[in-house]
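Hi,

Here is the model I promised to pass on.

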Amino acid sequence: MNSKKHSLSLESRTILNITAVDDVLSFDESLVSLSVGDCVLNISGENLSVKNLSLDCGDISVSGLITAMVYFDNRAPKKRFSLFGNK
């Protein structure tokens, strides 16, 4: 497990500052997906934009109307599904 600590600072649901970000996986105006340690952090909202980004320092600022922040564990086993049942 990655012991690198990160922090989130949300201001009025419109500016989110995050430290210790490893990578920006994807972004558009409704979803920003970040790699943070052993997790993926998805930030959902409206009119989202990346304002400040420094991957050397691991800092990022996201602006827009932020409606959700959800962590996904990268270490969780992937489940496969098919039309005919679970595999």
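This is a predicted model: local features need pLDDT of at least 70, side-chain atom pairs count only at pLDDT 80 or more; totals for chains, interfaces and linings use all residues.

In what order do the six strands of the open sheet come? They run β1-β2-β6-β5-β4-β3, with antiparallel pairing. Strands here are DSSP runs of E with at least two residues, numbered from the N terminus, and two of them pair if DSSP finds at least two bridges between them. β1 (8–11) and β3 (23–27) are the edge strands with a single partner each, so one side of each has no neighbour in the sheet. From one strand to the next the twist averages 35 degrees (axes are lines fitted to C-alpha atoms, and angles run from 0 to 180 degrees between N-to-C directions).

Residues are numbered from 1 along each chain as its sequence is written, and side-chain values use heavy atoms, with hydrogens and water left out.

Now the β1 end. β1 and β2 make a hairpin with three residues between them, and Ser 12 in that turn has a positive phi of about 55 degrees. Four bridges hold the antiparallel pair together: Leu 8 has Ile 18 as its bridge partner, and Ser 9 sits opposite Asn 17.

Ile 18 also turns up in the largest nonpolar core, which has 13 residues; Ile 18, Leu 34, Ile 43, Ile 60 and Val 62 have the most contacts inside it. (Such a core is a set of buried Ala, Val, Leu, Ile, Met, Phe, Trp, Tyr and Cys residues joined through side-chain atoms within 4.5 Å; buried means under 20% relative accessible area, exposed over 50%, and partly exposed in between, with a 1.4 Å probe and protein chains only.) β2 (15–18), β4 (31–36), β5 (39–54) and β6 (59–73) each supply at least two of the core residues.

- Ser 33, in β4, is buried at 8% relative accessible area. Its side chain makes a 2.8 Å polar contact with that of Asn 42 (a pair of N or O atoms within 3.5 Å; within protein, one must be able to donate a hydrogen and the other to accept it, and residues adjacent in sequence count only if both atoms are side-chain atoms).
- Cys 39, in β5, is partly exposed at 23%. Tyr 71 is 32 residues away in sequence, yet the C-alpha to C-alpha distance is 6.3 Å.

Cheers
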